Amino acid sequence: MTEKITSKEYAMSSHTLSSHDASEHIHQILNSRNYTNFDDYCRAWRDCIAKHHPERVGYDRQTIIDANAPFEWHPPHRQTQKAALLIHGFTDSCFSMRDIGKVLVQQGYLVRAILLPGHGTNPVNLKKVTYHDWIDAVGTAINHLSQQTDHIMLVGLSLGGILSMWHAV
């Protein structure tokens, strides 16, 4: 049985550094243009989080992976012409986008949340990426999603909002 984690508990536990270096793994994922589908992208990130996210006292490994990993949710009727791409903020993860994602999927959107390179594992890994990596990751996600729908809404929090605006103009 996995334990529920609150936003406050997650935020308080997510900034412990460890000696794990995930840079090689992250850079493999950065080449996300090689993924033929979003499920493969999600599996790659889940594997990276499992291997490189610092242990948290009191939380099982699966809860940590689920909280940080990218996700895709389909609306109840599965037939949709609209999608929402969720992009989290700096030093954050997909966890912070879950509540808005739940609302959007109930409104009939296909919902995808991506994990920005350097995030979701260990904050030290942010040193291994640049803002170009984040711009490219969002652009790749938009391109993949545009193969499924013509209507994409970008939803970003903080840094995710800036990246959304960069791609919108």
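Reader: What makes helix α6 and helix α7 a crossing pair, and at what angle do their axes cross?

Author: The axes of α6 (residues 131-146) and α7 (residues 159-168) come within 10 Å and cross at roughly 65°. An axis is a line fitted to C-alpha atoms, for helices over the stretch in contact, and angles run from 0 to 180 degrees between N-to-C directions. Two packed helices are described by the angle between their axes and the distance between the axes. This is a predicted model, in which local features need pLDDT of at least 70, side-chain atom pairs count only at pLDDT 80 or more, and totals for chains, interfaces and linings use all residues. Residues are numbered from 1 along each chain as its sequence is written, and side-chain values use heavy atoms, with hydrogens and water left out.

Reader: Is the crossing of α6 and α7 left-handed or right-handed?

Author: The crossing is right-handed.

Reader: Which residues of α6 meet which residues of α7?

Author: From α6 come Trp-134, Ile-135, Val-138, Gly-139 and Ile-142, and from α7 come Leu-159, Leu-163, Trp-166 and His-167. Contact means heavy atoms within 4.5 Å. The residues of this contact divide into seven nonpolar, two polar and no charged. Ala, Val, Leu, Ile, Met, Phe, Trp, Tyr, Cys and Pro count as nonpolar, Asp, Glu, Lys and Arg as charged, and the others, Gly among them, as polar.

Reader: What puts the buried residues of α7 on the same side?

Author: The buried residues in α7 are Leu-159, Gly-160, Leu-163 and Ser-164. They cover an arc of only 140° around the axis, so they are on the same side of α7. The arc is that of the directions from the helix axis to the C-beta atoms. Buried means under 20% relative accessible area, exposed over 50%, and partly exposed in between, with a 1.4 Å probe and protein chains only. On the other side of α7, Ile-162, Met-165 and Ala-168 are exposed.

Reader: What covers the buried residues of α7?

Author: The cover includes β2, α6 and β4. Helix α7 lies across β2 and β4, and runs at about 145° to β4.

Reader: How do you know what counts as a helix or a strand?

Author: Both are DSSP runs, numbered from the N terminus: helices are H or I with at least four residues, strands are E with at least two. By that rule the protein chain has seven helices and four strands.

Reader: Why are β1 and β4 called edge strands?

Author: The open sheet has four strands in the order β1-β3-β2-β4, with mixed pairing. Strands β1 (71-73) and β4 (151-156) each pair on one side only, and that makes them the edges. Two strands pair if DSSP finds at least two bridges between them. Strand β2 (residues 82-87) and strand β3 (residues 110-114) run parallel and are joined by five bridges.

Reader: Why is Val-111 called buried?

Author: Its relative accessible area is 0%, so Val-111 is buried. Val-111 lies in strand β3. Not counting residues up to four places away in sequence, Val-111 touches Phe-71, Glu-72, Trp-73, Ala-84, Leu-86, Gly-101, Leu-104 and Val-105.

Reader: Which residues of helix α5 are buried, and what do they pack against?

Author: In α5 (residues 98-106), Gly-101, Leu-104 and Val-105 are buried. They cover an arc of only 95° around the axis, so they are on the same side of α5. Asp-99 and Gln-106, on the other side of α5, are exposed. The buried residues of α5 pack against β1, β2, β3 and β4.

Reader: What is noted about the phi of Thr-91?

Author: Most residues other than glycine have a negative phi. Thr-91 is not a glycine, yet has a positive phi of about 60°. Thr-91 is found in the loop between β2 and α5.

Technical notes. A crossing is left-handed if the near helix is turned anticlockwise from the far one by less than a right angle, and right-handed if clockwise.
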